[in-house]
Amino acid sequence: MSQRSVKLELEGKKGPERDKNGKLIVPSTTSPSHHLFFRWDEAGHGADADDAPVFLCEIPIAQRTLRLVRQLPYGSSFSDWGPMVAICDYVMEVHRQLLRSGKRVVELGCGVGLPSLVCASMGARVLATDLPSALQDLEKNGAANGWPQRIWRVVGGGSEGVPVSKERGGKIEKARLSQGALVEELELKQDMNLMYYRRMTGTGPKEGWVQLVRPNGIKPLLIKTELRPPRRKAQGKDMGNGSLIVTSLRWNGDEALKLMSRADELEDAAEALQLEHSKVVPEEPKMRSDDFIMLPGTIVRPEGFPKLADLVICSDCVCEPAYGETWEQLVEVLEKILAPDGSVLISLRRRSHDGIENFVMRLGRNLRFQRYRYRKSDPANADGVDLICASWPSKNEQFEQSVDSPRNPRESQYALRATESFELQLPGSLENLDESCPPFEGRKFLKK
């Protein structure tokens, strides 16, 4: 048995269950999955660099195996993998093309982050959020799967770059780390002014030791950054690779909207940095008015308004005995960050007096939703898993002038911003739009 398992038992916590032969047992709550396959890797090393086993999640569709060095707490009410597996199954079944096309996915209350990792593996741009004290699990899981969160950017060295040595205090290599490159922190010796890195973008040695600050000076050579490498698009049999940003967010609507704007800035900066290093000049599309037609019905985001979430996911975040009535703030955030044509996917593990019915009533005030039973309840434990799929009401639903009909507040929000600062510029003879067209609706140009 590993030292970590012994430590957990001494602390009164259960480690992973083992059979009579001493082999680790895969949690039964992962078995209903149709797209994910779980197993233990006892030879792997966990997040604390001991002999703790690593939980593996195979994704055949993405041709990838995720390494979960941090798992759910053992032997507690929140050790159920069912809610996360339910979300993963649904997005891979229904939203697979949305993920591959690189749409924005936001996870609220990410925890160990299995849904975020799965969505990023399928090619999505994922923004995973949780309380500051709860981010470490996903940061370690992300780093173990190629999405490190401790990133530094080279800002010194000038045109020659920053000197690198293969060994600590060893001989300086001929090749240098280029200015503007992003590197992953592997080992930090702050008192020695040294860091061992792995290069992610730019040119120079793939790994090595670098100084953080110039010798006998205060000018930094590398600084911490929020930038992350951009997603790699899928091409043919190559499934590509999504992006993952792990950040803190307390459930507040205004703060969530600011986070969307910040995510826009980071993604644009990462794309610009990649183009700078690749030295590829993007060609501007050549458009002619007679080559395009307008199709009504596409909602256009007003200028200055952040890109919102195409898909919002949240697993097992509603339980009044544990979290109180925080579902009020949860719904507020959902309504703030959900795109007009976006979707919400929420999985809920049923418990006694969990307050889920109150949450569902509040959710249905402005959103249309459908509720499914993903896993039946065990009569002894009442541990069923419900799946809720929600979205803004459609045009046909809004046409019904009934008092109880939910409205889409995003319409008025877009319309107000559009009348203030947004002018849709159309080429050639298509400049004049019909005045009867609602201000929040735009036109999409397609080739004949």
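**Confidence.** I read pLDDT as the predictor's confidence in each residue, from 0 to 100. Helices (H or I, at least four residues) and strands (E, at least two) are DSSP runs, numbered from the N terminus. The model is predicted, so to speak of local features I need pLDDT of at least 70, and side-chain atom pairs count only at pLDDT 80 or more, while totals for chains, interfaces and linings use all residues. Residues are numbered from 1 along each chain as its sequence is written, and side-chain values use heavy atoms, with hydrogens and water left out.

For residues 1-13 I found pLDDT below 50, with 15 contacts (heavy atoms within 4.5 Å) beyond near neighbours in sequence. Residues 286-296 are also below 50, and this stretch has 29 such contacts in the model. Where pLDDT is low, the predicted coordinates should not be read in detail. The chain mean is 80, and 75% of the residues reach 70 or more.

**Pocket.** I used a 1 Å grid over the protein atoms alone; a pocket is an open set of points where a 1.4 Å probe fits, with protein on both sides within 12 Å along at least five of seven lines, and lining residues have an atom within 4 Å of a point. I counted 24 lining residues; Gly109, Gly111, Asp130, Cys317 and Tyr323 lie nearest the centre. Helix 2 (82-94) and strand 5 (125-130) each supply at least two lining residues.

Two strands pair if DSSP finds at least two bridges between them. I found an open, antiparallel sheet in the order 1-2-3, with strand 1 (37-41) and strand 3 (64-68) at the edges. Strand 1 and strand 2 (residues 54-59) are joined by five bridges; Phe38 has Cys57 in strand 2 as its bridge partner. Helix 4 (residues 114-121) packs on this sheet and touches strands 1, 2 and 3.

I read the order as 9-8-7-6-10, open and antiparallel. Strand 9 (207-211) and strand 10 (222-225) each have a single partner strand, so one side of each is left without a neighbour in the sheet. Strand 6 (residues 151-154) is joined to strand 10 by four bridges, and Arg153 stands opposite Ile223 in strand 10.

Key:
Axes fitted to C-alpha atoms, helices over the stretch in contact; angles between N-to-C directions.
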